[in-house]
Each structure stands twice: as C-alpha cells, then as structure tokens.
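Welcome, and thanks for taking a look. Please have the sequence and the model open side by side as you read.

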Amino acid sequence: MEKMSRVTTALSSNAISGRTMFCHLDAPANAISVCRDATQVVVAGRNIFKIYALEEEQFVEKLNLRVGRKPSLNFSCADVMWHQMEENLLATAATNGAVVTWNLGKPSRNKQDQLFTEHKRTVNKVCFHPTEVYMLLSGSQDGFMKCFDLRKKESVSTFSGQSESVRDVQFSMKDYFTFAASFENGNVQLWDIRRPDRYERMFTAHTGPVFCCDWHPDDRGWLATGGRDKMVKVWDMTTNRAKEIYCVQTIASVARVKWRPERKFHLATCSMMVDHNIYVWDIRRPFIPFATFEEHKDVTTGIVWRHQHDPHFLLSGSKDSTLYQHMFKDATRPVDKANPEGLCFGLFGDLAFAAKESLISSDANRKPYPGGDRRYPIFFFKKPDQTEQFAHVSSALSVFETDLDSNRMDWFVKTAQLYLLSGKPFAELCDHNAKVARELKRPQVSTTWTMLRIMFSDPANLTTPGPNHNLSKLGTLPLMNSFSMKEMGSGMGTESRLERSKGESRQDNIHLEPGNMHISNNNEENEETEGSEGQAEYMFGDAELDDDDLYSMEHDNQTEEQEYTLPQEAFQLRHEIMDNPSAPEHLQQDKADSPHVSGNEAEVTCLTPIESFSLISISQPLFSPHLPASFFCPIVREMLSYYAEQGDVQMAVSVLIVLGDRIRKEIDDLTQEHWYMSYIDLLQRFELWNVSNEVIKLSTCSAITCLNQASTTLHINCSNCKRPMSNKGWICDRCHQCASVCAVCHHVVKGLFVWCQGCSHGGHLEHIMNWLKSSTHCPAGCGHLCEYT
Amino acid sequence: MEVQDQESLGRWDGLGSRDISSRTEAMDNIHQEVMRKVEAIGPIPASAPSPLASGSAPNIDLNDILAHLLMLSKRCPFEDVRERCARLLQSVQDLGVRIPRPLGNGPSRFIPEKEILQVSKVDARTQAIIEDAFAALGRLDNISLVMGFHPQYLESFLRTQHYLLQMDGPLSLHYRHYIGIMAAARHQCSYLVNLHVNDFLQVGGDPKWLNGLDEAPQKLQQLGELNKILAHRPWLLTKEHIERLLKAEEHSWSLAELIHAVVLLTHYHSLASFTFGCGITPEIHCDGGHTFRPPSLSQYCVCDIANGNGHANHHDDLLGNQEVCGEVEVLMERMKQLQECRDDEEASQEEMATRFEREKTESMLVVTAEDEECVPSRDISRHFEDPSYGYKDFSRRGEHVPTFRVQDYSWEDHGFSLVNRLYPDVGQMLDEKFQMAYNLTYNTMATHKDVDTSMLRRAIWNYIHCMFGIRYDDYDYGEINQLLDRSFKIYIKTMVCSPEKTTKRMYESFWRQFQHSEKVHVNLLLMEARMQAELLYALRAITRYMT
C-alpha cells in the first residue's frame, strides 16, 4: 500500500486546528464522506477508493480499499457513505448497480463485507440510517429504492418511485421512519420506511432532475433540494402541502447541497457542470453567496462538512483529482466585492437610491436638492446574530420623490380641464389661462400667457417704432385678427353642436403617437364646450367657471420673461408681414369646412340644449394700429418649440390654438400636427376625452380635424321589430312604428338617447335622469332595476 | 433548378396559411401566373408532340412550378389546395403542355405507399402537426410522412428541427442550412442535400458556396474537420479540435455558435441514417422525384425494379412468413428468460467487461463481412462534396481509445446543462426528443400485445452506443447477443456507421414478421441513439476545453 500521496503546504498557516490544505488524488473523485469523529475522510470515484486521515497540516493516506489485480466495477463508486454510528462501516453505490458495504475492522486486505446486486441500473446514492446501525438505503437509476438490513443477505423492502430514476435518498435526521427521495423527473417523494407500498407524499420540486436533497440537521421540517434548473429550494415539510420557503438561484445545475452545521440558514452547494466553485449561501439572502471556495480546477463532485457540529471546516473532492479542506475563514466573501449601491428610477419619476449607511451619513451634511424634494431614509439593519459572521450590512435607502406639482401629472390634468382655448376674447383667454397656471404654481407658464396677451393685444406694451414704417400695410392686420376671433367663436358654436352627435365614436379614431409620451405639460380647456358635450358626462353645469374669474386678472412679475422679451428687438419682421395676408384664406377655408361637416351629419340631429353654450361676441375689438403682432412671431415660435422640446406639448398646443392665425403660419404644418397628435394622445391617456375632442375640433391641421370625421355613424335597430334602421328618419320601414321612443314622455327621441344596457329601454337624457332620481325601476315598466353610473 | 428568382420565392407562401381565404387567394395568383407562362410559350399545335421537351429558360421555370404543383397536389395537408393544384395541372395538360408525374412509389422505397401516412386521411392531432410543419416549411417532406407512423415523436422532431433551422439562434440562417448540407454530404445523402440546397438558396445563401467547401467562408471550412470526425469517428474528438475552432482569430467560432453547429451536424448525420435506413425517396418537386416522360410500359421505374419493389414485394413477405415463422416468439421467449434468470448466471465483472469488448469488436466484424457484398452506391454523390475527405472506415484495430463511460459524462447530467447554457431551450427540446424516442412504446411486438419492450429498446440503444465505444456500467452486454440477431445487427451497423450502404434487402431481412411501423420505430431509436452518442463526444470535448 502506498504510504503517502503528495502533500503540499498551502495558503494559511496560523489555524487553530487545521488549515486550508489539499492533496492530490490519483483519479477524479465522485463522492467523499467523513467518519463521525472527523479524523478521517473516504474518497470514492471510478478509479479511486481511499481513506485519508485529516491531520493538522496535511492529508495522510491511511488505506486503499481498491485491491485486487483487476478491480471489478464494484469498486467504481458513484457514492460513498461512512456510517455515523459505527466507525468501521462504509457503504458505496457502484455504477454497475451494486451496493457494497465495507468493514474496516476486517483483518484481510480486502475489506469488502456485503454485496447486494439487486438494482438493475446504476445506484446513485446510498444512505445509512442516522441512528440505526444496520439499516442502509439505496436509490438507483432503475427507479427503485431499497432498504437493506446489513445482517441479512438481501433487501428487506423495495420502494418503487414509479419508473423514474432516483437521484438522491436521505433519511430524515429527526423522524425515525421518514426518508426523502428525489427523482429525475423533478419530483420529491417522502416515504415511511415501514410502508413500502406507497409514498406518503409527493410534490414537484424542480423542472428537470432533482440531483440532491438534504434535511436540515436541526429543524425537522426543512428539506433543501437542488436541481438541474439551477435552483436550490428549501421546503417546509411540516405543513400539509410542502411549501417552498426559500429559493436560491445559482449559475449552474446544483449537484450537491449540504446544510452548514450550527448555522440555521446556511447551506453549501456545488455544481455538476461548468462552475467549479463551492458556494455557501445564507438562504435569506439568495442573491449573493455568503462565502465562496474557489480552489478547484474542475467541477466539485463531493462536499461534506468535516464535523457535524463545527461550521468552520468544509471538505471537498473534485474531478480535478484533488481533495481539499477549506477553512471558512479563508473563504472568499463575494459580498465584500459587491457593489452595494443601487439606483433606480420609478415609474413616476421617483428616484430610489440605496447605499451603505456610512456613505450616506458622510454625505449627510450636504444639502438636499433645492427643488423641494422629499427624502425618506429607510434603514435596514440585520439583526445582530452572534452566530452570524456576515459583515454587518446596513444600507440606507433614500427615495427622492419628485415635486408633486412639477413631476406628478396632476397639474397636467388640471391644466387640461381648466384652460380656456376659445369662446372668449383673446385677452380674456390669455388671462384666464395665466391664472390657471399661476394657481397650479407654474409661474413661467403663467407669465408666458400674460406676455402673449400683451404682445398680441395690448397696444400699450408695444413701443418698438420699427413697424410704423409699414403702417399702411400693417394697419389691417389687427383688424383681421380680431375678426378672425369672432369667426372662430361663432364657428365653434356650430361645430360643437355637431360634436355632440359624434361623441360616441371619437376616441376610436385617434392614432397614438409614441413620440412625446413621457412628460408633457400643458393644456387648455373650454368649459363651455365640455358642457355642450354633456352626452358623455351628465354634469356639464358643475365645471363652468365663474366668469368673474376671467376678468380679475393679476399681473405677475415678469422676471422670467426677460429671456423671451429681450431677443425681440434683434429680429426682422419683414417676412412675417408678408406671411400674414394669407391668414384670411385660412379662415375662409375653415368657414367652408363647417357647413360641409354639418352636411355630413345632417341625419343625426341633436336636441341637447345649446343654451349652456355661450356664444361669445367680442366686446371690444382690440385695435392697435401701431402694433404689428407678427413682430413677435419668431419669438413666440421659438417659445413654443422650447416648450415642446421640454416635453410640454400642452403649452405649445394651447398657445397655438389660442393664438390661432396669429401664429399658425409661422410653424410648419408637420410640426403642428406632431404637437397636436402628441397632446391628443396624452389627453386620451388621461382619459380627458372632452378636452381631447375640443383640441381636435379647434385644431387647424386638416390631419387632426379629420380625426373626428371618421366612423361617425351609429347604427341602430328598430326597437320594435329589431331590424336595422336603414333609412333616415324615425320611422321604421318595416313595422312603421316610431323607433326610439322615450319611455318617459313617449315621444320620439331625436337627439341624445340614453338607454339601459340591461333592459334596453331608454329615452331623453334629462327625462331618464329625472326619472331615476325618484325611482329605481325602469320607466317602461319592465321591472328592471336600471342604474345610472 | 436551384436558382429561383425573387418573385418566385414568395409565390408559395400563402398556401401554408390556416386561413382558407388567403390560401384561395394564393392559389388564384399561382393559377394566373401559370397560365401566363403557358401562354408565353405560345400556342401549341395539337398534333405536334410537345415542343417543350427541352428547355428554353421560361420552360424550365415553368417545369419547376409544375413540379411544385405536383408535389402540392399530393402532399399539401389542405384539401382545397390539393384539389386546385390537381385541377390546374389537368387544365395545363389540356392545353397541351406536358406535365410531370411522380416517380417511385410513395415516400419510401422500402415501405409500400399504402401503409404510410396518407395526407388525406389523418386524425385531427396529426393533421395539426403536419399543418404546422407545412406552414413552417411550405412542404411536407417524405421524412415527416414516414415518421407519421409515430405522431408523438414526429411532433417533437419537427419542433426541434424548426427551432434549429428557423428560430433564434447564434448562427445565421444560410449557415444553418449549409451546415446541414455539409453533414448530409458526409454520408452522401442526396435527398437531404437537395432539400437543403433549395432552402439554402431561399434564405439568400451564396450559390458559389455550393461548388464545394473551398468556396465557402474560411469559418465553415474549418468546421469540415469536426464534421468528418463526428460523422465517422467521434471518439477521436479532443479538446484540441475544439480549441482550433474557437481560437482561429477572425475566423473563430464562438462557443454558442459551435454548440449550434454541433447540434446541427449531429442532427443531420443521424437524419441521414434515417433517410437511408427507411429508403426515403426524393421529394416530388426535387431532382429525381418526378419525370416528364410519359409512363412507360412498366408501371415501375428503374430504381424500383432494381430494388425489387412491386409484385415481388408481396411474394417475399409470404415466403418470409413461412421461413421464419416463430421469430417473434423466440425473441419474446428470450426476453422473458433474461428477465427471470438474470440473477442466476451472475457474471463476474471480468466477464461483463469482456462481453462489452466482444460486442464492440464483433460489431466491427459485422460490417467487414458485409463490405464485399454491397458496393457503395457512389453515383448519387453530390458535386460539392469535398473529395479530399475520404470515407473513414469504422475500425478500432490498432488504435487504443479509452472507453467512454456514461456514468462519467451523461446526457442527462452533463450534456444537457452544457447545451442549455449555451443555446437555451435546445437542451430541453433534445432532452424531450431523446426521451420520446427511448420511451416510445405501444407494448406490442408484431402481432403480440401487451409486451414490455423496454429490454429490447435498451438493447438496441446500448448496442449503438457500444459501437461508438460508449459503455454503460450497469448493462450486461450479453443481453444484446441474446436479443439482436445477426441480420438485425448488420442493419444497425450499416445504418449507423455507413448509412449510404443500406439496401432494401437489409431492411427486409431483419425482423421479417414485424410491421413497418415497428421498423420505423427501430430507425427512430437508431437515429436518436446515434445523435446522442455523437453529441456526447462533442460536448465532452467542449467541456474539457472549458475546464
């Protein structure tokens, strides 16, 4: 017998009772096991079967169990186990299907004791009962588990796992009769050793083979399993259904798993392929290994804790033909190398930042952001655990919430609802919108509105003498502007009437433009028109603004506006002037459009009261012969682009609409269309259907206005004969009855018709509304309990 | 016929749709186009005996289309397309144009057409499978039809193949087909080569590459060595081979690409085995699958006669039945014996080892004896097979190769993990396919029911692995001798090691009482076992390289 294999000195030297050390084996190892007193280790593999003594400084080969000139396959071990009670007793699982026991107390060279050849296929695992001396369990590729009594010549019971190969068997540490078996098809079965006919319970633990399992040494309910799916799972078996309580994702298939002694939450794993390291995990922290041993050059095939009550020594055998003793203190701690800082943006612009507490506190005297962000420091401390060697980790998580007013989208919705885009004189619109913006704490926007008003309507503010030279030509311009406003007002009246009948279908037509989604600001909204669209919401009265508000305008300080007003002087105006004359043509076109539209819709009449819609007549046309509004156009154009660039399409579009012809020519159609589309899209995302429709209506781009022209037909069936109402009018062709009769007043409904989806009765909007205020039953008397929502 | 113009590529696409209206539309287009081409050829005097016999350019193009139509009329899973194609062909013929007719009798030379899956009569499940296949490839190849004996397997096979060839993967599409061509060409499998030449060109491959491996990119040329070794002597593969491929500077392969290539190579090597093993005939629309000649006096074409297809077939069966009456029973008896008294004989370990060695050497002798009998049919070898790659005879005399132990490197534990790591999902698919092939059983043997065939399947599987030098520690190779008779061994050996030498006689001479579906089943086993064996060697080499 060989006396000693090569022994090398290794990494550390000042260990108390051992150190990290290794020795070369002659052949790759498949499995290792230690004896109870932790002084010897057995290494088994295809071509090796040896016992080494664990000495202070080195491994010393004690015994070679592989004897005979031509060793048989019985020596080719897939697994080995040293009995934990009887120190002379070992068992091996042979690749040819044999289960062999070895008695070290035998005087002869050949220590083979018993040979069981009952399995037809490779035996993957053998396991001694932890407290019973003569009980041995084996699990084989042929799908059977066999329990042997070592005093008898053959197995005492056979457990059939139903055809799939058994990869691991483990006796429970605490329950005398229980063992767990893991299978190639992903299942884990629990058996009672006394009942070979049927498993006690079965559950699917992994996808693909479960290569290993291990009972927790202290906690009787915990079973750890490792599979080809690269996961380690810890199951609580005390409940009725096995419950997965922890899961660790590794980077390669898990070949072995072993709980660490004396550490409730630690387990060691090694992989079957590709990855050569041994990891020790704290299962509560599944994302980073607690410790890593990186010594092996090929896959680790066997790991075992040297002593069942000492967590500091780990032994491992590998395909690289080495046997290692790893000292825990020499392990690599990946957590030390990990980057503990994390940064993430939330969906609504919130920013979360986690860092080591020390870092945060050193920065604590730094001022927080001036923008009024709020910080919530959250501290995580690990509970101090005396058995815990993990570096104390405490990190601070800071969440920076963005300013409510500037980064939440509330302001967007509010602005959209409150802005006035049409229906009032230009100056009033501007003032109103400025006020809205100011109330929403958006001073810059507010000031912009005020400035716009001043630029385009207030002669007092225009002091530049330059344009006066062209006075004769320019004089007409303001006229046109005010004229156009008037027209817009009345034009809108007709259009909004039409709008009501189209309401149902309008949201379908909008193309979503993904461009400017994220942030945008701005908006406008005419309460009056919303009222006229009452079909969708029955509350148009509420949202109306006090007219008083419009007139009580405050002038803000205009500090921020300087950046816009200053460059004015530098600009030439001539070409602006050239552009302007074409404005009326546009107007003509618009006017021509409206009747055309209503022509299309002729068959759908609408009865909703238009009274709520106040047709604006301009009180005082704003004449200012000295004021060439177009002078500001380049600045305004830039300003709009600026807002759009900032993501505030709302502002860009609102201004565009309010200014109307004053600016429209300045901006190319594509850009306008793009802004409109973006804004409409945003409005629809916020379900501001009314506002979006308003914008569509007010837009001057043909591509936008036509959004409302598509699919505006509503097909209805006769309420009597259920046939489609093919022709115009209110009498059904076939049954010559009036369709759509109001259930309350029994007249034909020729406008807004509301009906119950439950019983399909209905009638005039107001009638039904009033009826249902006092009664819950259908007015038609059908007994249905109609509901308004 | 390989070069198709762009316009013609999209022509057939609509036919794979499950939507009947889009199929109809596609058929309408084809109809118009065919008619246009027919008219372009000009009016044909009724008396003249077809002026179209030899080819002006439009003529050839038309012939291709007609051949494709012929294929569709027989093989399309959609009844409406089949009918319309047949009608269109008829109307073309009525115009005086010569139309093709299929050569041969069905998808296989070995198996009578009437036994093979008929596209028109299949159950719903199979119908769904072949519709999927048709939609993916625009054809239903003969291989699929023959595999149709075992629809479960067919599904798994087609899914894997589809994933390998068409889904996400590290290699570009034309590379994949070219690798398929390379692999099939190693075994001179003209059927697969033809099929993939078409596909290769369709996905935009450079026709120049088809002139030979020399014209292909350097990167693919380097794969030639691996191809050769894998096909004939996979046990010689070492990590140096892998290293050479991975470390070739600008022509080097990435690991993921290499795995993809290896899976493709092994897939097509084994598929070539299947093709020869089942005597798959050329596709109707490919070269040699159809003819424009009018039917001659004999109903059978030359190759059929040479292979004794036809009347003789039935005659043989009758004779065979009398001769080997009880063959099945003997086999079953042996299986039973083995099952019962395996503990009695309790062979020593040395004995077991020798048995493996004996089986190994004997498997070599099996073919050497056969070599003189069957002359390799070289006439079908393709033009672009690199002549410098001589056929390597399977032989291990004189060289010592250590036995590959499955217990040390198995597909389930090691191979799977490696493949899945580098080429996600494919590991899973291959795993399913292997298991499907290995576990497939109907518990029947010939006319007997309720037979546990696991022992027989395992013997076949392990015998093939044995020929590749792969040993199962837990298997008694004595069983093989009991269960597999000599003619069967000859067939297995030929099919696995030099499939191009398989003859109809071999196919017929083993297991004479068994049904064709069972023989196809055997072929599936052989194919998968071979693929796994090659894969194991290749993956082991890659693993060694990586560690």
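The report below goes through the cores, the helix packing and a few loop residues.

## Ground rules

This is a predicted model, in which local features need pLDDT of at least 70 and side-chain atom pairs count only at pLDDT 80 or more, while totals for chains, interfaces and linings use all residues. Residues are numbered from 1 along each chain as its sequence is written, chains are lettered from A and ligands numbered from 1 in the order in which they are written, and side-chain values use heavy atoms, with hydrogens and water left out.

## Chain A at a glance

Chain A holds 20 helices and 34 strands; these are DSSP runs, helices being H or I of at least four residues and strands E of at least two, numbered from the N terminus. Of its 789 residues, 52% are buried, where buried means under 20% relative accessible area, exposed over 50% and partly exposed in between (1.4 Å probe, protein chains only). Among contacts in chain A with a separation of 6 or more, 56% join residues 24 or more positions apart; a contact means heavy atoms within 4.5 Å.

## The nonpolar cores

A nonpolar core is a set of buried Ala, Val, Leu, Ile, Met, Phe, Trp, Tyr and Cys residues joined through side-chain atoms within 4.5 Å. The largest has 157 residues, and those with the most contacts inside it are B:Met147, B:Leu223, B:Phe274, B:Ile460 and B:Ile492. Helix H24 (residues 516-546) of chain B gives the largest share of this core, 16 residues. Domain 1 (1-37 + 59-99) and domain 2 (328-334 + 345-369 + 393-546) of chain B both contribute residues, so the core lies between them; the domain bounds come from an automatic or database domain assignment.

Leaving out residues up to four places away in sequence, B:Met147 touches B:Tyr153, B:Leu154, B:Phe157, B:Leu271, B:Phe274, B:Leu524 and B:Met527.

## Two helix pairs in chain B

Helix H7 (residues 151-166) and helix H12 (residues 255-277) of chain B pack at an angle of about 135 degrees, with their axes 11 Å apart. Axes are lines fitted to C-alpha atoms, for helices over the stretch in contact, and angles run from 0 to 180 degrees between N-to-C directions. H7(B) and H12(B) are therefore oblique to each other: angles under 35 degrees count as roughly parallel, over 145 as roughly antiparallel, 65 to 115 as roughly perpendicular and the rest as oblique. B:Phe157 and B:Leu165 of H7(B) are among the residues making the contact, as are B:Val263 and B:Leu271 of H12(B).

Helix H20 (residues 454-467) of chain B packs with H24(B) at about 40 degrees, and their axes are 9 Å apart. This pair is oblique too. Residues that meet here include B:Ile460 and B:Trp461 in H20(B), and B:Leu525 and B:Ala529 in H24(B).

## Loop residues in chain A

A:Ser699 sits in the loop between helix H18 (689-698) and helix H19 (702-705) of chain A. A:Ser699 is buried, at 4% relative accessible area, and touches A:Tyr676, A:Ile704 and A:Thr705, leaving aside neighbours within four places in sequence. In H18(A), 9 of the 10 residues are buried.

Most residues other than glycine have a negative phi. A:Glu262 has a positive phi, near 65 degrees, and lies in the loop between strand S22 (254-259) and strand S23 (266-271) of chain A. A:Glu262 is partly exposed, at 39% relative accessible area. For A:Val274, phi is positive as well, near 70 degrees, and this residue is in the loop between S23 and strand S24 (278-282) of chain A.
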